[in-house]
Amino acid sequence: MVVDSQQCTHELVIITGMSGAGKTVAIQSFEDLGYYCIDNLPPALLTTFLTLLRDTGKTITRIAAVMDMRGGNFFDSLIGALDHILKEGDITVRILFLDADDATLVRRYKETRRAHPLAVTGLPLDGITQERVLLSEVKGRANLVYNTSNLKPKELREKIVKEFASDADHTFSINIMSFGYKHGMPIDADLVFDVRFLKNPYYVEELRPKTGLQTEVSSYVLALEDTQILIQKLTDLFEFMVPLYKQEGKSQLVIAFGCTGGQHRSVTLAEYFGAYLAKNENAVISHRDINRRKD
């Protein structure tokens, strides 16, 4: 069920399988890998969507689509659409089928108190049994079948990343930002470091109108003994924590440095650690309040 040709310009991963087997975790994992993701795409609309996709040229090249029983009883349409795609030969198609044993699926439905889509007023096991029959042909065509009965969400994400990540994928990124406390705390930061204990260049007249992006200010801040001690300790901390964040499956880490106005000390430290972390990670630096001058 795979088209593997140099003529292929797009990659399509169809995520399907038993309801409750982990499709939500799967589509989130593909989103983190940079795929264009569609949840609950009716199989009958697949060929129409791919026609529109071809018209985009190379704008969208990797797509992941969840197709399940919420889309209705359209799996005959899916088989026909897949056969049509294979004849076209310009799209690589892979089917990821997620499965779990009956006892696990029943337990998951009871824990979430959700009704099975095929047994809204009946027993979950009745719906699960019907669904297995309806999905049997699609499962037989699947390239990959993951049984998630004993998999934690983190472990399912790891399997998907291992199978589908390319060398160009940045599955983990670090955002380093500076901010000024007088303008409020950043609400999206994972780690916040208050550097207001460092001597403030604001009180040096010739440095006041400048920012940490300029050598005069950064040299002043970095030359402080307290700054050097802080850098040493934070370097040790980041070398310890960043691999653990990645191991846990986190896709993004936001590190914020704050000073009074967000002009001098925080900017200097954000620039320093942004450059340091960028040696081994996909790192982006931003300065939230650098253009907001004091009155």
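A: Arg292 is partly exposed, at 43% relative accessibility. Here, buried means under 20% relative accessible area and exposed means over 50%, with partly exposed in between (1.4 Å probe, protein chains only). This is a predicted model: local features need pLDDT of at least 70, side-chain atom pairs count only at pLDDT 80 or more, and totals for chains, interfaces and linings use all residues. Residues are numbered from 1 along each chain as its sequence is written, and side-chain values use heavy atoms, with hydrogens and water left out.

Arg292 has a partner. It forms a salt bridge with Asp289, with the closest N and O atoms 3.5 Å apart. A salt bridge here is a side-chain nitrogen of Lys or Arg within 4 Å of a carboxyl oxygen of Asp or Glu. Asp289 also forms a salt bridge with Arg288, where the closest N and O atoms are 2.9 Å apart. Arg288 is partly exposed, with a relative accessible area of 33%. Asp289 is buried, at 0% relative accessibility.

The structure holds ten salt bridges. Another of them joins the side chains of Lys139 and Asp99, at 2.7 Å from N to O. Lys139 lies in helix α5 (residues 124-141) and Asp99 in strand β4, so this pair ties together parts that are 40 residues apart in sequence. Helices (H or I, at least four residues) and strands (E, at least two) are DSSP runs, numbered from the N terminus. Lys139 is partly exposed, with a relative accessible area of 34%. Asp99 is buried, at 7%.

Now the nonpolar side. The largest nonpolar core has 47 residues. Such a core is a set of buried Ala, Val, Leu, Ile, Met, Phe, Trp, Tyr and Cys residues joined through side-chain atoms within 4.5 Å. Its residues with the most contacts inside it are Ile14, Ile15, Phe30, Leu46 and Ile160. Strand β4 (residues 91-99) supplies the largest share of this core, six residues. A second, separate core of 26 residues includes Ile231, Leu234, Val242 and Tyr276. In soluble globular proteins, nonpolar side chains tend to be buried together.

Take Ile15. Leaving out residues up to four places away in sequence, Ile15 touches Lys23, Ala26, Ile27, Phe30, Ala64, Ala65, Val66, Met67, Leu96 and Leu98. A contact means heavy atoms within 4.5 Å.

Next comes strand β3 (residues 62-66), where five of five residues are buried. Both faces are covered: Arg62, Ala64 and Val66 lie on one side, Ile63 and Ala65 on the other. Strand β1 (residues 10-17) pairs with β3 in the parallel sense over five bridges. Two strands pair if DSSP finds at least two bridges between them. Leu12 stands opposite Ile63 in β3. Strand β2 (residues 36-38) also pairs with β3 in the parallel sense, over three bridges. Cys37 stands opposite Ala64.

Finally, the whole chain. It has nine helices and nine strands. Of its 295 residues, 45% count as buried. Among contacts with a separation of 6 or more, residues 24 or more positions apart account for 80%. The chain exposes about 15,500 Å², and carbon and sulfur atoms supply 50% of that. Accessible areas come from the Shrake-Rupley method with a 1.4 Å probe; for residues, only the protein chains shown count as cover.
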